[in-house]
Amino acid sequence: MNGLNVSPSPHRVTSLSTTKVMAAVIAALFPAAVMGCIYFGMRAAVVLIVTIASAVIFEFLFNLVTKKEQTVSDLSAVVTGLLLGMNLPATVPLYIPIIGSFIAIVIVKQLFGGIGQNFANPAIAARIVLMVSFTQEMTKWVVPYWYQNGTSAADAITGATPLAAAWLDNGTSMVSPFTWQEMLFGVTGGCIGETCALALIIGGLFLIIIKVISPVTPLAFIGSFGLLTLIYTGSSVLTVYHILAGGLMIGAFFMATDYATTPLTNKGKLIFGIGCGVITFVIRHFGSFPEGVSFSILLMNLLTPYIDRLTRTSPLGAKKAKEGN
């Protein structure tokens, strides 16, 4: 019995490491990131590079100053920077992604204990802070420049996102100004990595197939949102339009499936996904913001501990202790 170590669960050892999981997520995000750079030009690539680089630097400096073990090599900072960059317009001044990376890495992630200890998805929290703090810069959208008769990236035509364009001037009814093909391939205004729904779906399916994420949360998120939208609008065309528009795909596949901030059990993941779908629906159709994905995920992140408590499983054969024993 010499050398026997007793430690908390889990006890099963696999070859799947944090670095491998993050590398898989990066690979899954790569198609959508590339399409964003194709649609919005070199400016989009610069924003992504600055966001990723600043996220890695802030993590390195924080660990250095606090004398903690360096965690840059686990690629989690790269994933956070990439996700944040893909949730920004290509037109933002470069100080904005740097501020966003600081918020995501230092405040939301490292000050709460580092990877696995953060209470919310760092990229989501940073995006919301940036949206509230720099509203004008964060809502300046451009239509893909090559789609507008070859206009240069610097002179790209400003346009509304599909969600903003869907509402008529009276603010009470909706239309679908873009075809489903345009929505699927992403030739619309929007954030760098959210417009090409096809690339995001491919990336999400890749993560599901290799079992990095569970399909429960994305299906519950998209399904509940789609069902409520269909009931509310009575239009299958508008329902598909809303599912493909905005940040629903990148949120459902890549942000609502974060290991640290989402429930552990399948029942919990189902509740989490449905909650995200309902909140997104309410904000999009009744709120002042045309988009609600980020807010819905953040709110459900805060509820994750309670969902885990509600859906926790009991050990096989366990019996509830009687009072007084």
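**Surface patch and salt bridges of an all-helix model**

Leu 111 counts as exposed because its relative accessibility is 56% (exposed, over 50% relative accessible area; buried, under 20%; partly exposed in between; 1.4 Å probe, protein chains only). Leu 111 lies in the loop between α4 and α5 (122–133). The model is predicted: local features need pLDDT of at least 70, side-chain atom pairs count only at pLDDT 80 or more, and totals for chains, interfaces and linings use all residues. Residues are numbered from 1 along each chain as its sequence is written, and side-chain values use heavy atoms, without hydrogens and water.

Leu 111 belongs to a nonpolar surface patch with Phe 102, Ile 107, Phe 112, Phe 119, Leu 299 and Leu 302. Together they have about 630 Å² of accessible area (Shrake-Rupley method, 1.4 Å probe; for residues, only the protein chains shown count as cover). Patch residues have over 30% relative accessible area and no salt bridge; nonpolar side chains (Val, Leu, Ile, Met, Phe, Trp, Tyr) are joined within 5 Å, like charges within 9 Å. Helices α4 (95–109) and α14 (293–311) each give two or more residues to the patch.

The chain holds 14 helices and zero strands (DSSP runs numbered from the N terminus; helices are H or I, at least four residues, and strands E, at least two). Of its 325 residues, 49% count as buried.

Two salt bridges were found in the whole structure (a side-chain nitrogen of Lys or Arg within 4 Å of a carboxyl oxygen of Asp or Glu). Glu 59 and Lys 109 form one, at 2.7 Å, N to O. Glu 59 lies in α2 (residues 42–65) and Lys 109 in α4, so the pair ties together parts 50 residues apart in sequence. Glu 59 counts as buried at 0% relative accessibility, and Lys 109 at 4%. Arg 284 and Glu 291 also meet in a salt bridge, at 3.0 Å, N to O. Both Arg 284 and Glu 291 are buried.
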